Structure formats: structure tokens, C-alpha cells
Amino acid sequence: MVIENGILSNVTIPNNLNSPNNTYYVTKVNGFVCLFKNNIRHLVDTRSYVFNYCKRIVGNYYENCLILGLGLGILPYYMSEFCENIDVLEIDKELVDYISSLSYLGNKVNIITSNAIDYKSNFTYDIIISDIHAHSDSPFKQEKMQIIANYQQNIKTGGFIYFPIDDTFLSNY
């Protein structure tokens, strides 16, 4: 039997550290880091998340990356191994402040509190990863089209937007 370790399994998680409004807390359950929201397990750090949903992008070098959605921070944490600069958009300020307070994302990761659908920037990226749909009840196809329309000008030549939930690429060649 193979026992899977999470991407964050070596990260030290402070005990009894809740978010300011007590909405979020992180703890280890059976060796896996879990994010709880309103006392309900919201996200679990499993390697299979990155390697199954994002397998086509891991291991490649990127200078600049934009990730739409923070969650537990697994994807920006892992991407920092092979990406120089990572911007992450997250709408939930309490989640941003809480994950930032845990201090495991490092200095390559810049978290911006903003709605990923409406965010505007003149910066260009090698890769834009839309990771906001995996835990959302929102209409995926509608938001996907909005993201494509909003971020096409932010893709460098040779770069792409990636939607892990349906393994879709939109390239800018």
C-alpha cells in the first residue's frame, strides 16, 4: 500500500491559529493539511490534486504566472519550485490574510485581493491558471468565457491560459 503525502506535508502549521473572524483554520488530519471553513473541511492537501488536475503544467519553467484562486495555497506553493514570479488573485480577504499569516508561500508569491473575473492588469504572464472552479457552484462555462475575454491580452507570446478542471488550454501563439 502506498501512502500519499501532501504537497504541504513538511510545512509547520501553528496550533490553534484561526482567521480573524474564526471562519478559517488549518490543521493536519492523518498527515494531510486541511483547510476548514465554518468548521467544515473545505480543502485537503493531496498530491493527486496537483498531479491529476495540473499534470500538463508541472515541472515546466515559467518566468511569470498568474493563478486565479488561492484556496489552501497548494498550487502557488508547488509552482514556486519552477516559476520566478507568481501572482495569485483571491476575492476572500479573510482567507488571504489567514493563509498569508501561515508564512509558507515564500517571497515569489504575491497575493492580490480581487475578484478574478473583473481584475484588470497590464502585466503579461507565461501562464494563467484558472483554479476558481473546483470548489464553486458557479456556472463554469460562463465564467470560463469571461476569464478568456478578460485575460487574453495578459498572455505573453507562447503563453497560455489553463483551466485544470476540464484540462483546457488557450494559447497565444
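Predicted model: local features only at pLDDT ≥ 70, side-chain atom pairs only at ≥ 80, totals over all residues.

Visitor: What does the secondary structure come to?

Guide: There are four helices and nine strands. Reading from the N terminus, the order is β-β-β-α-β-α-β-α-β-β-α-β-β. As for contacts between residues at least 6 apart in sequence, 55% join residues at least 24 apart. The accessible surface of the protein is about 9,100 Å², and carbon and sulfur atoms account for 46% of that.

Visitor: On to the cysteines. How do you know how many disulfides there are?

Guide: The cut-off is a pair of cysteine sulfur atoms within 2.5 Å, and by this rule the count is zero. Take C83: the cysteine sulfur closest to its own belongs to C65, 4.7 Å away, so that is too far for a bond.

Visitor: And why are C83 and C34 called buried?

Guide: The limit is under 20%. C83 has a relative accessible area of 0%, so it is buried. C34 has 1%, so it is buried too.

Visitor: What makes up the largest nonpolar core?

Guide: That core has 39 residues, and those with the most contacts inside it are I57, L72, M79, I99, Y104 and I129.

Visitor: How many aromatic pairs turn up in the whole structure?

Guide: Six. One of them joins Y62 and F82, with ring centres 6.5 Å apart and planes at 50 degrees.

Visitor: Why is that pair of Y62 and F82 called tilted?

Guide: Planes under 30 degrees apart would be stacked and over 60 edge-to-face, with the rest tilted. The Y62 and F82 planes are at 50 degrees, so the pair is tilted. The two are 20 residues apart: Y62 is in strand β4 (residues 62-68), and F82 is in the loop between α2 (74-79) and β5 (83-90).

Visitor: What makes the pair of Y62 and F160 edge-to-face?

Guide: The angle. Edge-to-face needs planes over 60 degrees apart, and here there are 75 degrees between the planes, with 6.4 Å centre to centre. This pair links distant parts of the chain, 98 residues apart: Y62 in strand β4 and F160 in strand β8 (residues 155-163). F160 is at 11% relative accessibility, so F160 counts as buried. Ring pairs link Y62, Y78, F82 and F160 into a cluster.

Visitor: How do you know that K144 lies over the face of F163?

Guide: The distance part of the rule asks for NZ of Lys within 6 Å of the ring centre, and K144 is at 5.2 Å from the centre of the F163 ring.

Visitor: What about the glycines? Where is G6, and why is it called buried?

Guide: G6 lies in the segment before β1 (24-29). Its relative accessible area is 0%, so G6 is buried. Apart from residues up to four places away in sequence, G6 touches F32, D45, T46 and R47. G71 is in the loop between β4 and α2.

Visitor: What makes N39 and S103 worth a look?

Guide: Their backbone. Most residues other than glycine have a negative phi. N39 is not a glycine, yet its phi is positive, about 65 degrees. S103, also not a glycine, has a positive phi of about 60 degrees. N39 sits in the loop between β2 (32-37) and β3 (40-44), and S103 in the loop between α3 (93-101) and β6 (109-113).

Visitor: Why do N39 and S103 count as exposed?

Guide: Exposed means over 50%. N39 is at 62% relative accessibility, so it counts as exposed. S103 is at 60%, so S103 counts as exposed too.

Definitions and conventions
Residues numbered from 1 in each chain as written. Heavy atoms only, no water. Buried < 20%, exposed > 50% of the residue type's maximum accessible area, 1.4 Å probe, protein only. Core = buried A, V, L, I, M, F, W, Y, C linked by side-chain atoms within 4.5 Å. Lys NZ or Arg CZ within 6 Å of the ring centre and 35° of its normal. Contact = heavy atoms within 4.5 Å. Areas by Shrake-Rupley, 256 points an atom, 1.4 Å probe, with all protein chains shown as cover.
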